[in-house]
Amino acid sequence: MINDELLTAAVRNNAEWCRSMCRAHGLTGGAFGPRAWTSPHRTPLYYPDAVTLTGDAVAEDVLGGIDLTASGASVKDAYARLDLTAEGFRPLFDARWIHRSAGPSGLPDTAGHRPVRTPEALAAWALAWSDGDAEEAALFRPALLDDPTVTVVGGYAPDGRILGGAVLSTAAGVTGVSNLFTADGTDPAAVWAAALAAADPALPVVGYESGDDLTAALAAGFGELGPLRVWLAA
């Protein structure tokens with residue numbers, strides 16, 4: 001894939017992951033239009049109510065399909081081209097789409113990755129992800145374990161301690177990496193290696209990061225594809 005195709009795939013993959021998370025929470029999963037994915041119901045914590053799918057999407061493509069009557073509406077402007085200030089939104093954060101070519105990572109999996117397969121293991125993983133915040137940990141529901149496109153990966157020490165983890169989601173011909181975290185002072189490089197070791201080597205790997213997390217991803221062999229912006233209703 002060339003970079004334009006990878007960016008399109010990364011955006012679609014992320015929107016599909018947002019839909020998977022909605023379904024895990026008992027929501028319909030929203031709707032895909034020609035230029036945006038939108039959810040008519042407020043989405044789970046940290047997840048957008050809409051994602052633009054093309055660079056020519058306009059405000060009406062995202063705002064027409066979401067609930068603007070309740071607080072907390074958000075939009076993932078996947079190409080960082082919208083201006084939603086006139087509609088009462090403010091920029092929440094900016095990030096960069098990233099990609100890594102298909103093939104073995106070549107990185108040592110010192111974190112000892114393995115898939116999370118049971119509700120009990122998922123609960124422990126989610127608590128580590130949330131740094132012990134039970135309310136945030138409740139975001140990851142057991143229904144995710146039944147989704148064939150989703151793999152929750154944990155990095156584990158020999159004594160069973162969780163060193164980090166990530167979510168892998170397969171869609172649009174790529175594997176998306178999201179929710180990557182470290183725990184117990186683990187080097188982010190070890191968790192990136194564990195996540196990549198669990199990914200299908202036949203598919204490119206994509207995602208988005210910012211700040212120090214972007215630096216760690218680039219050090220793990222990722223390249224940048226372009227900007228994104230998340231908007232939040234003021």
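These are my notebook entries on a predicted model of a protein, from the overall build down to single residues.

**Overall build**

I started with the secondary structure and found 6 helices and 11 strands in the protein. I then looked up the radius of gyration. It is 17 Å, and a compact globule with 234 residues would have a value near 17 Å, so the two agree. Along the principal axes, the C-alpha atoms fill a box of roughly 50 × 40 × 30 Å.

How much of the protein is buried? I get 48% of the 234 residues. For the accessible surface I noted about 10,500 Å², with 52% of that belonging to carbon and sulfur atoms.

Next I checked how far along the chain the contacts reach. Taking contacts between residues at least 6 apart in sequence, 66% join residues at least 24 apart.

I also looked at the charges. There are 15 positive and 28 negative ones, and their mean positions are 4 Å apart.

H5 covers residues 188-198. I listed its buried residues: Ala190, Val191, Trp192, Ala193, Ala194, Ala195 and Leu196. At the start of the helix I found a side-chain oxygen of Asp187 within 3.0 Å of the backbone nitrogen of Ala189.

Is Asp184 buried or exposed? Its relative accessibility is 56%, so Asp184 counts as exposed.

With 18% relative accessibility, Asn179 is buried, since the cut-off is under 20%.

Which side chains make polar contacts with that of Asn179? I found the side chain of Tyr47 at 3.2 Å and the side chain of Ser178 at 3.1 Å.

The list has Trp17, Tyr47, Trp125, Trp129, Phe140, Gly165, Ala166 and Val167.

**The loop between S2 and S3**

I looked at two residues here, Tyr46 and Asp49. The loop has strand S2 (36-38) on one side and strand S3 (50-52) on the other.

Tyr46 has a phi near 75°, another positive value in a residue that is not glycine. Tyr46 has a relative accessible area of 53% and is therefore exposed.

What is the relative accessible area of Asp49? I read 0%, so Asp49 is buried. The side chain of Asp49 makes a polar contact of 3.1 Å with the side chain of Arg42. Beyond four places in sequence, Asp49 is in contact with Trp37, Thr38, Ser39, His41, Arg42, Thr43, Ile66, Gly72, Ala73 and Ser74.

**Arg81**

Arg81 is in the loop between strand S4 (74-77) and strand S5 (89-100). Its relative accessibility is 60%, so I put Arg81 down as exposed.

Where does the side chain of Arg81 reach? I traced it to the backbone oxygen of Gly55, at 3.3 Å. I also took the C-alpha separation of Arg81 and Val58, which are 23 residues apart along the chain, and got 8.6 Å.

**Gly226 in strand S11**

My last stop was Gly226, in strand S11 (residues 223-233). Gly226 has a relative accessible area of 5% and is therefore buried.

Which residues does Gly226 touch, not counting those up to four places away in sequence? I found Ala95, Arg96 and Trp97. The C-alpha atoms of Gly226 and Ala95 are separated by 8.6 Å, and the two residues are 131 apart along the chain.

Key:
Residues are numbered from 1 along each chain as its sequence is written. This is a predicted model: local features need pLDDT of at least 70, side-chain atom pairs count only at pLDDT 80 or more; totals for chains, interfaces and linings use all residues. Side-chain values use heavy atoms; hydrogens and water are left out. Buried means under 20% relative accessible area, exposed over 50%, partly exposed in between (1.4 Å probe, protein chains only). Helices (H or I, at least four residues) and strands (E, at least two) are DSSP runs, numbered from the N terminus. A polar contact is a pair of N or O atoms within 3.5 Å; within protein, one must be able to donate a hydrogen and the other to accept it, and residues adjacent in sequence count only if both atoms are side-chain atoms. The radius of gyration is taken over C-alpha atoms; the globule rule is 2.2 Å times the number of residues to the power 0.38. Contact means heavy atoms within 4.5 Å. Accessible areas come from the Shrake-Rupley method with a 1.4 Å probe; for residues, only the protein chains shown count as cover. Lys and Arg count as positive and Asp and Glu as negative; His and the chain ends are not counted. The place of a charge is taken as NZ of Lys, CZ of Arg, CG of Asp or CD of Glu.
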